[in-house]
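Here is a short report on a single protein chain.

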Amino acid sequence: MICREDSLSLESYTNLNIMRKSTFKSAVLVLAAAFCLISCAPEKEKVWGWVSGNLSMPDEKLEHYFSKCKEVGIDAIIMECHSGKPVVLDSTSFRDSAALEIIRRAVPYAKKYGIELHAWMWTTNRVEKHLREAHPEWYQVNAQGESCLDIKLYNREHYRWLCPSHPECTEYLKDRVRELAEIEGLDGIHLDFIRYPDVILPYGLHESRGVVQDKVYPLWDFCYCETCRAEFKKLTGIDPLDLEDPTANEQWMQFRWDLMSKMASEIAAEIKKCGKTASAAVFASPEESKKLVRQDWANFRNFDFLFPMIYHKFYAKEDPWVETATREGVEALEAADNPAKLCSGLFVGHVPSDRIPEFLQYVDNGGSTGVCFFSLEGIDNTPEYWDKLKVALQTIKK
Ligand SMILES: [Zn+2]
């Protein structure tokens, strides 16, 4: 029996194949589009919310957050699991079973309501007592030669910071990523505190924290650990401790920005390798981030999303700065040829419930991909916020 294809000329055979391929391609595209309609909000309109997670959160509270998000139009929850409470880990493997349990418990609710779940972990700011005792040499040192383990920066017990020049620190954090990524049903991993400690606090916080930071002071200027000093000296011949005005030395600034970018990019690569969405919370605008916390996030590579926390009142800025900071971030990513999408973060306490649409307009005008609210607890604690948010989100999702 002669198969019909056998009788076709080469030309018609080729055409048939092209037709088959293009029909196949169209089918794939239609299927992909259909899948996306079912499972994901268009990114431009995607709405996220940060929420603290803890082991003591009752099931009813998890049910409450996920069901409310579904009801008002929040598509993704970023749940904190590595947090600021000093803990003693239960084994020398450093596996953080509490963090894993927090996320595991949330997965069924995410599935039930069709909400994306991202695990929010603290990154360079690590408070585990076990780690502090095992590796004090991994922690950052200020320009006065004091380890952040020995002083209580800003009177905060949790201000303990790993140094990015130690490859072991990056490996430690990649281990935490891998153990989280094993959780079935988790969509992504979100890095917070991926930076140096605040050399200058956001301007709106100086008075309440009782600090005078009209310039860079050595108490708050990190990292001058042995490794960082030796690496920088190898590169430039200069010991940064000898610099009269360290901030004025471009090489020393760039050295620290680059170290943090390298660490962030390597951890994000690990998140991607595990098949998860990689994202990070970063300071409000690219320039303020570099200046206040030595975080050059436009050069953080391998991320799907970067969330500048544009909590404008902490920077003593007027409301329209939300749009300005968003635009500056988008432009900085473009200039750095960084394909990560920017999603502006808003502080619920700075966005009155009756003016939510105005702020959504700011982030949209600035070029943000979606919007993220800090925090779901903040929404919960503000009367009528859920209802007002629902109405506002309906208008952007039309
Ligand atoms: Zn260091």
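Which residues on the other side of helix 13 are exposed? They are Asp-387, Gln-394 and Thr-395. The model behind this report is predicted.

**Helix 13**

Helix 13 covers residues 385-396. Its 12 residues should span 16 Å at 1.5 Å a residue, and its end C-alpha atoms are 17 Å apart, which agrees. Tyr-385, Leu-389, Ala-392 and Leu-393 are buried in this helix. These four cover an arc of only 100 degrees around the axis, so they sit on the same side of helix 13. The buried residues of helix 13 pack against strand 1 (47-52) and helix 2 (59-72). They also pack against helix 11 (356-366) and helix 12 (376-380).

**The chain as a whole**

The protein chain holds 13 helices and nine strands. Of its 398 residues, 40% are buried. Take the contacts with a separation of 6 or more: residues 24 or more positions apart account for 78% of them.

**Helix 8**

Helix 8 runs over residues 250-273. It has 24 residues and reaches 34 Å from its first C-alpha to its last. That is close to the 34 Å expected at 1.5 Å a residue. Its buried residues include Trp-252, Arg-256, Leu-259 and Met-260. Met-263, Ala-264, Ile-267, Glu-270 and Ile-271 are also among them. What do the buried residues of helix 8 pack against? Their partners are helix 5, strand 4 (188-192), helix 7 and strand 5 (277-282). Just after helix 8, Gly-275 takes a positive phi of about 80 degrees.

**Two helix pairs**

Helix 5 spans residues 167-181. The axes of helix 5 and helix 8 come within 9 Å and cross at roughly 25 degrees. An angle under 35 degrees counts as roughly parallel, so helix 5 is roughly parallel to helix 8. Helix 5 passes helix 8 in a right-handed crossing. On the helix 5 side, the meeting residues are Thr-170, Leu-173, Lys-174, Val-177 and Arg-178. On the helix 8 side, they are Met-263, Glu-266, Ile-267, Glu-270 and Ile-271. Of these, Met-263, Ile-267, Glu-270 and Ile-271 are buried.

Helix 2 pairs with helix 3 (residues 97-113): their axes come within 9 Å and cross at roughly 30 degrees. The two are therefore roughly parallel to each other. Helix 2 passes helix 3 in a right-handed crossing. Helix 2 brings Leu-62, Glu-63, Phe-66, Ser-67, Cys-69 and Lys-70 to this meeting. Helix 3 brings Arg-105, Ala-106, Tyr-109, Ala-110, Lys-112 and Tyr-113. Helix 2 also packs against the buried residues of helix 13.

**Leu-180**

Leu-180 is found in helix 5. Is Leu-180 buried or exposed? Leu-180 is buried, because 24 other C-beta atoms lie within 10 Å. Leu-180 touches Ala-99, Leu-100, Ile-103, Ala-119, Met-121, Leu-186 and Ile-189, not counting residues up to four places away in sequence. Leu-180 and Ile-271 are 91 residues apart in sequence. In space they are 9.5 Å apart, C-alpha to C-alpha.

**Backbone geometry in loops**

| Site | Feature | Angle |
|---|---|---|
| Phe-222 and Cys-223 | cis peptide bond | omega about 0 degrees |
| Phe-374 and Ser-375 | cis peptide bond | omega about 5 degrees |
| Asn-302 | positive phi, not a glycine | phi about 75 degrees |
| Ala-316 | positive phi, not a glycine | phi about 55 degrees |

Where do these sites lie? Cys-223 lies in the loop between helix 6 (206-209) and helix 7 (226-236). Ser-375 is in the loop between strand 9 (371-374) and helix 12. Asn-302 belongs to the loop between helix 9 (286-293) and strand 6 (305-308). Ala-316 is in the loop between strand 6 and helix 10 (321-335).

Asn-302 has 18 other C-beta atoms within 10 Å, so it is partly exposed. Ala-316 has 13 other C-beta atoms within 10 Å and is partly exposed.

Key. Residues are numbered from 1 along each chain as its sequence is written. This is a predicted model: local features need pLDDT of at least 70, side-chain atom pairs count only at pLDDT 80 or more; totals for chains, interfaces and linings use all residues. The expected span of a helix is 1.5 Å times one less than its number of residues. A residue is buried if 20 or more other C-beta atoms lie within 10 Å of its own, exposed if 12 or fewer, and partly exposed in between; C-beta atoms are placed from the backbone. The arc is that of the directions from the helix axis to the C-beta atoms. Two residues are in contact if their C-beta atoms, placed from the backbone, lie within 7 Å. Axes are lines fitted to C-alpha atoms, for helices over the stretch in contact, and angles run from 0 to 180 degrees between N-to-C directions. Angles under 35 degrees count as roughly parallel, over 145 as roughly antiparallel, 65 to 115 as roughly perpendicular and the rest as oblique. A crossing is left-handed if the near helix is turned anticlockwise from the far one by less than a right angle, and right-handed if clockwise.
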